[in-house]
Amino acid sequence: MKKLLSVITLYCVLSSFNLFAQTPGIIVRPAGSSGPAVLDPNADAYTSKTTAGFGTDDILNSEILYKVVPPVIAEPTGDLLRGPDGKYTDIVKTVDGSGFYLFNDGTNLLCRIRMGGIVSGSKGYSLLLDTDSKFGNIGASADPNYVAATTGVNGNPGFELEVVFESNFRIAVYNVDGTSTPVLVTSYPINTNSQISIAASTDGGDADYFYDFYVPFSILGISASTPIRVSATTVMSPQAAIGGPKSDIYGISGNDYMTQWTTAISSQPPFTFNSLSSGGTGLGAICTDAPVLNGPITPSATTVTGTWIKATTSSVSTATITLYKGATAIGTTTVSSGATWSISVSGFVNADVITAKAQASGESMCLSSNAVTVNACNASNIPATPILSCSSGSKGTGGTNLATGWTIHADNVTRTTAENSVTNSASFTGYSGSSPAITWQYSGGCSSGSPLTSGSYKIYYTDNATGCNSLPAYFCAAGNGGSALAGSLPVPTITSPSTGIYTPATTSISGAETT
């Protein structure tokens, strides 16, 4: 028995030594005389330029010159959510700190992930894509389809698509927009659309591996010029990372995958499929965190102010702030993290849109602040809030305090339809009296005509000379027949801020429910 155990032990040692001793660049899966045609174009069964291997540089000497996807921090080893450190689900780094690469061959999107090990079991190696430039649940670019995490695997902070190398099974493409339950779009055979080769790096003292896979770019349903951001994530089973048992997220450390993903994506400069047709590091450095723009801003403003705080992953504590009116830069200043900045301005007009961006040394300027629209309106010059002559609105409604030069708006916010007294004048009748106490009726007023379409109606005035809107009044129309509402709730009243003006400095809104 001892002899048998010794033989088995020696066999395992020699097998491991043989695999480790193989030339970096050789394709070890799939087995055969060559790799898949797209991933091994010269069909020599190596991912290096020649059968001599990578030498000391497996990025420069790669047969396919993949573009480096820059990590937020040098990819850590042993930062897993689950799984063994330094092994088959641990993304590892080379000398430049990277471990994730992409390429465009004109037709296909190719992905390469540097892994700490290889295993015969089935796992997931995922490419997650943000295609709408919205991510997370806070800030100027929050994703309206954000899905909160309520378990240890669900949640989606803003990804729309996912491509997964499901080892031993397939390469799968999923639609994950606004869901924790991926919807399969299509899949491709494992032997034609993936391969594994030995990398030149030896993170942790043993062989590392390149997991390569690809899909036709057209299957993603986006333009080659669409700005995208991506994350590489490994999974402990052959399935999508969205909704799956995630193991490692590229270029960031920690145990909160929603925060990790959000940090990684918000720090990444957007790029396009078109920009991936050559190698190198041309995707740019990580993004500097966006500043916050103060408001309100009026046409007579002479300064615009804001604040900026550096990202926790950045070591640079000062940045240059650039202020924009629309797409035009109109001023710059330098600020330290946590401080207030100020830029002199002039010549603003109503409806100008003002934003700001920050750039720290060695980082990219790619994240925009909240937008503030220049507005001369305030509590002293906005029109009066409509006084409705009936609030039930079953047939229609009317008002008693219209002034000359104002437009009445009647918007059904439930149905996303709008009418006003200029472009839909037939809906508004019964004008009488003098300004500012002109009475009017909408859709027959309070008692005549057919029932209104069901829904919540928002009624407000606009001063045509200044463009300022009044605070709105609301009523709920029950409707009838198949479109009737089941019931309605009392209209709430906002009591604070009493001016009805909301700015980035507004920290709370309070009110009361009317009866």
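These legends describe close-up views of a predicted model.

**View 1. Strand β6 sits between two partner strands, β5 and β7.** Strand β5 covers residues 124-130, and β6 covers residues 161-166. The two run antiparallel and are joined by 6 bridges. Look for Gly 124 in this pairing: its bridge partner in β6 is Glu 166. Strand β7 takes in residues 170-175 and also pairs with β6 in the antiparallel sense, over 6 bridges. Here Phe 165 stands opposite Ile 171 in β7.

**View 2. The side chains of β6 point two ways.** In a regular strand the side chains alternate between the two faces of the sheet. Leu 161, Val 163 and Phe 165 point one way from β6. Glu 162, Val 164 and Glu 166 point the other way. Are these residues buried or exposed? All are buried. Because 6 of the 6 residues of β6 are buried, the strand is largely enclosed by the rest of the structure.

**View 3. Thr 131 lies in the loop between β5 and β6.** Its relative accessible area is 17%, so Thr 131 counts as buried, a label for values under 20%. Which residues does Thr 131 touch, leaving out those up to four places away in sequence? They are Glu 160, Leu 161, Ile 222, Thr 226, Pro 227 and Ile 228.

**View 4. Strand β15 pairs with β16 and with β18.** Strand β15 spans residues 318-325, and β16 spans residues 328-336. They run antiparallel, with 8 bridges joining them. Within this pair, Ile 321 stands opposite Thr 333 in β16. The two strands form a hairpin with 2 residues between them. Gly 326 is in the turn, with a positive phi of about 65°. Strand β18, residues 353-359, pairs with β15 in the antiparallel sense over 6 bridges. In that pairing, Tyr 324 stands opposite Thr 355 in β18.

**View 5. Three strands make an open sheet in the order β20-β24-β23.** The pairing is antiparallel. Why is one side of β20 and of β23 left without a neighbour in the sheet? Strands β20 (397-402) and β23 (428-432) stand at the edges, and each has a single partner strand. From one strand to the next, the twist averages 20°. Strand β24 covers residues 438-442 and pairs with β23 over 3 bridges. Find Thr 429 here: it stands opposite Gln 441 in β24.

**View 6. Val 292 lies in strand β13, residues 292-293.** With a relative accessible area of 40%, Val 292 is partly exposed. Thr 307 is 15 residues away from Val 292 in sequence. In space, the two are 5.2 Å apart, C-alpha to C-alpha. Not counting residues up to four places away in sequence, Val 292 touches Thr 305, Gly 306, Thr 307, Trp 341 and Asn 370.

**View 7. The second largest pocket holds about 960 Å³ of space.** Its lining has 35 residues, and the closest to the centre are Ile 138, Gly 139, Ser 266, Asp 289 and Leu 367. Which helix gives the most to this lining? Helix α3, residues 257-266, does, with 5 residues. By type, the lining divides into 15 nonpolar, 16 polar and 4 charged residues.

Note on methods. Residues numbered from 1 in each chain as written. Predicted model: local features only at pLDDT ≥ 70, side-chain atom pairs only at ≥ 80, totals over all residues. Heavy atoms only, no water. Pairing = 2+ DSSP bridges. Helix = DSSP H or I, 4+ residues; strand = E, 2+ residues; numbered from the N terminus. 1 Å grid on protein atoms, 1.4 Å probe; cavity = no way out; pocket = protein on both sides within 12 Å on 5 of 7 lines; lining within 4 Å. Points joined across faces, edges and corners; volume = space filled by probe spheres on them. Nonpolar A, V, L, I, M, F, W, Y, C, P; charged D, E, K, R; others polar. Axes fitted to C-alpha atoms, helices over the stretch in contact; angles between N-to-C directions. Buried < 20%, exposed > 50% of the residue type's maximum accessible area, 1.4 Å probe, protein only. Contact = heavy atoms within 4.5 Å.
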